[in-house]
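Please keep the sequence and the structure at hand while reading.

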Amino acid sequence: MARYDALVVTALVWFLGKFLRYAFPPLFGTIGSTYGVSRTVLGSAFTALMLVYAVMQFPSGLLADRVGSVRVIAVGALVTAGGAFALAVDAPLVVLVGAMALVGAGTGTFKTVSVSLLARAYPRGTGRALGVYDTFGTFGGAAAPAAVVVASAAPGVFGAPWRTLFLAAGVAGVGLAAAFARVIPRRLGDRSGPVSRSSESVPEDGGDGADASASLRAYLSLFGDPRFALFVAVTVCFAFAYNGAVAFLPLYLTEETAVSAATANLLFGALFVVSLVQLATGAASDRVGVEPVLALALAVATVGMVAVLAFSQTGGPLVLGGAVVLLGIGAHGSRPLRGAYMMDVAPESVAGGSLGVVRTLLMAAGAASPAVVGYLSETAGFGVAFRLLAAALFAATALTLVLWATDR
């Protein structure tokens with residue numbers, strides 16, 4: 001089991017990042033009441049978090065190529081902890097939004113760098129490793145709604161009871177930063193320096209001197225390949241649909257269906273519980289290729305989103321729960337596939353930075369989605385907003401089918 005220590009500690013860091021991100025949607029009602037703000041403001045605050053997260057993708061990948069993954073992720077975990085500590089104290093709205101942005105900045109160093117790190121650490125089972133990694137992360141999302149309920153019922157330490165949740169998350173962030181800085185170098189044999197590609201065994205952490213001098217032109221050169229650009233379009237459409245859905249699904253279910261707020265939060269948690277499917281899709285992509293598995297996963301997600309819309313007025317908790325589960329299976333099943341595809345097509349010397357560029361694009365699209373959904377929900381209705389998300393999922397599925405059909 002010692003060979004999995006790098007995977008476990010890296011996945012726990014991602015668990016914390018996803019936990020903090022998805023602790024906010026279940027709190028939107030409480031935060032809105034506390035500060036007296038609209039859904040547009042709430043969506044815009046979440047967009048701010050996601051935009052900062054998106055902006056950090058390329059710089060974090062670039063820094064990892066030059067100074068190593070250990071330093072980048074450990075510092076990111078400490079920044080995340082700082083944002084969580086700021087959220088633990090009663091403060092004006094501007095401080096809350098700033099702390100959310102700080103959480104976005106810290107967690108923005110996690111995914112891009114971790115994907116390239118795990119691809120080097122587990123070269124013969126990258127899909128499976130990324131499946132485990134993303135499963136840990138989505139379990140963070142599954143735990144968040146329940147943790148919000150528990151924290152809201154507990155006595156507050158520095159303010160409102162729910163802020164205790166962020167105090168605990170801050171302490172966990174400091175501990176995970178220390179664990180990561182200790183475990184990963186021991187596993188990879190290098191604290192944070194450049195990778196030596198002469199090693200044929202366990203890959204080391206970082207990039208060699210030639211890698212460190214790679215220019216922005218090298219990172220962007222992959223976009224000259226039409227199929228790669230098509231893959232980026234798939235990820236952008238998916239990110240827009242998914243981030244909009246997870247930001248407002250609890251409120252959508254509460255206001256547009258007959259289920260109670262408590263049931264809506266339970267169904268929101270179910271969206272993440274089914275993330276175990278990533279283990280199967282990651283392993284399947286290692287055997288049969290990324291494109292067919294990705295196309296199937298996105299098709300299932302599209303069916304789930306359409307079912308949520310179709311049964312909003314007539315479906316009970318079981319029917320709506322089944323629709324949410326389908327959405328979760330498809331959405332989470334696609335996650336490890338995108339990283340595996342990138343690691344297949346990107347040269348190792350620019351893998352971190354190239355993945356960072358792609359993730360910046362997809363996360364920027366995803367970051368805009370909560371603000372768009374919040375605004376549309378107030379001006380045109382939640383139905384219109386969620387139909388837009390369904391259309392984006394349909395487009396992602398169709399483009400993936402084209403990608404598969406043109407596979408050389």
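**Helix packing and a residue**

Helix H3 (residues 39-55) packs with helix H12 (residues 226-256) at an angle of about 155°, and their axes are 10 Å apart. The model is predicted: local features need pLDDT of at least 70, side-chain atom pairs count only at pLDDT 80 or more, and totals for chains, interfaces and linings use all residues. Residues are numbered from 1 along each chain as its sequence is written, and side-chain values use heavy atoms, with hydrogens and water left out.

Helices are DSSP runs of H or I with at least four residues, numbered from the N terminus. Axes are lines fitted to C-alpha atoms, for helices over the stretch in contact, and angles run from 0 to 180 degrees between N-to-C directions. H3 and H12 are therefore roughly antiparallel (an angle over 145 degrees). Their crossing is right-handed, that is, the near helix is turned clockwise from the far one by less than a right angle.

In this pair, Arg39, Gly43, Phe46 and Met50 of H3 meet Asn243, Ala247, Phe248, Leu251 and Glu255 of H12. By class, that contact has 5 nonpolar, 2 polar and 2 charged residues (nonpolar: Ala, Val, Leu, Ile, Met, Phe, Trp, Tyr, Cys and Pro; charged: Asp, Glu, Lys and Arg; polar: the others, Gly among them).

Threonine 302 lies in helix H15 (residues 290-310). Its relative accessibility is 11%, so threonine 302 counts as buried (under 20% relative accessible area, 1.4 Å probe, protein chains only). Neighbours within four places in sequence aside, threonine 302 is in contact with Ala390, Leu393, Phe394 and Thr397 (heavy atoms within 4.5 Å).

The axes of helix H1 (residues 5-21) and helix H8 (residues 126-153) come within 7 Å and cross at roughly 35°.

Technical notes:
Helix = DSSP H or I, 4+ residues; strand = E, 2+ residues; numbered from the N terminus. Parallel < 35°, antiparallel > 145°, perpendicular 65-115°, else oblique. Buried < 20%, exposed > 50% of the residue type's maximum accessible area, 1.4 Å probe, protein only.
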